[in-house]
Each structure stands twice: as structure tokens, then as C-alpha cells.
Amino acid sequence: HIIMEIGNNGGDGFVVARHANAAGADVQVVLLAKSESYKADAKTNYDSVKRLGIPILDMLSMETEGALKSVNTMLEWADVSVDALFGVGLARPVAGIYADTVEAINRWKAAGQGRNVFSL
């Protein structure tokens, strides 16, 4: 699965989703941004992912507990997680649903041998 937020990292995450899907991977996207906030290339790639029918879990449209439960369920079946949340330019503390999601990914990785997280 691929977890993404707004900005260039989110756009890059959509590109990874498209290519993984084209290679035959079972891809699921977890969205932590409002879809209407994507611009330019990120919007183009978001539209492509939707058009391809790649499942998108919109966490911001759910209550927090249910969203995190969905992410944890997705992680149970994942071989790889792609973190397209924040880039190197992040200049604020990670809090709220974002921090909870990062913690869920870290717990998933720590719980199993061979579980990989690739951060964009």
C-alpha cells in the first residue's frame, strides 16, 4: 500500500501506485489529503490512479479510529509500504492522524521480518 499526503510527495506516491499496478502488484492507496487539494502533476497522477481503479482509502473522510483500523487491516496484508507523506522539507511537528499513521507503519514494520517501508 502507499500512504500519501498533499504536495510533490503525494504526487510521486501516485506515480509509484500506477507503476506498481502496471507491474501486477496489488496496490492500495491511503489518502491523507483532500483530493481537491492536488494540483498540476499530482492531480494528473491522482486522476490516473482513480481511472485505473486502484483502491483509494480516503482517511480524512472517516472518523479517526475507523480510519486507523482500516490502515492497520491493510498493513496486515501488505508486503511493502510506501511512505509518500512528507518530504525532507517538513518544518513542523507531525501530529494528529499523521502521527498516528506513522506510528501504525512503524509498529507494522517492527512486528515482522522482511517488512519494508520505502519513503519518498
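In helix α4 (residues 96-111), the buried residues include Ile 97, Ala 99, Thr 101, Ala 104, Ile 105 and Trp 108. Buried means under 20% relative accessible area, exposed means over 50%, and partly exposed lies in between (1.4 Å probe, protein chains only). Helices (H or I, at least four residues) and strands (E, at least two) are DSSP runs, numbered from the N terminus. The model is predicted, so local features need pLDDT of at least 70 and side-chain atom pairs count only at pLDDT 80 or more, while totals for chains, interfaces and linings use all residues. Residues are numbered from 1 along each chain as its sequence is written, and side-chain values use heavy atoms, with hydrogens and water left out.

The length of α4 was compared with expectation. Its 16 residues, at 1.5 Å a residue, should span 22 Å. The expected span is 1.5 Å times one less than the number of residues. The end C-alpha atoms of α4 are 23 Å apart, which agrees.

Lys 69 is placed in helix α3 (residues 64-76). Its relative accessibility is 62%, so Lys 69 counts as exposed. Between Lys 69 and Ala 104 lie 9.6 Å, C-alpha to C-alpha, and the two are 35 residues apart along the chain.

Strand β4 (residues 80-84) has four of its five residues buried, so the strand is largely enclosed by the rest of the structure. β4 is joined to strand β5 (residues 116-119) by four bridges, and the two run parallel. Strands pair if DSSP finds at least two bridges between them. Within this pair, Ser 81 stands opposite Val 117 in β5.

A helix contact involves α1 (residues 8-22) and α2 (residues 40-52). Their axes come within 8 Å and cross at roughly 35 degrees. Axes are lines fitted to C-alpha atoms, for helices over the stretch in contact, and angles run from 0 to 180 degrees between N-to-C directions. The crossing of α1 past α2 is left-handed. A crossing is left-handed if the near helix is turned anticlockwise from the far one by less than a right angle, and right-handed if clockwise. From α1, the contact (heavy atoms within 4.5 Å) draws on Gly 11, Phe 14, Val 15, Ala 17, Arg 18 and Asn 21. From α2, it draws on Ala 42, Asn 45, Tyr 46, Ser 48, Val 49 and Leu 52. Seven of the contact residues are nonpolar, four are polar and one is charged. Ala, Val, Leu, Ile, Met, Phe, Trp, Tyr, Cys and Pro count as nonpolar, Asp, Glu, Lys and Arg as charged, and the others, Gly among them, as polar.

Ala 40 also lies in α2. Although Ala 40 is not a glycine, its phi is positive, at about 50 degrees. Ala 40 counts as exposed, because its relative accessibility is 60%.

Ser 37 sits in the loop between β2 (29-31) and α2. With 23% relative accessibility, Ser 37 counts as partly exposed. Its C-alpha atom is separated by 22 Å from that of Val 71, 34 residues apart along the chain. Val 30 lies in strand β2 and, at 0% relative accessibility, counts as buried. Ala 23 is part of the loop between α1 and β2. Ala 23 counts as exposed at 70% relative accessibility. Ala 23 and Leu 68 are 28 Å apart in space, C-alpha to C-alpha, and 45 residues apart in sequence.
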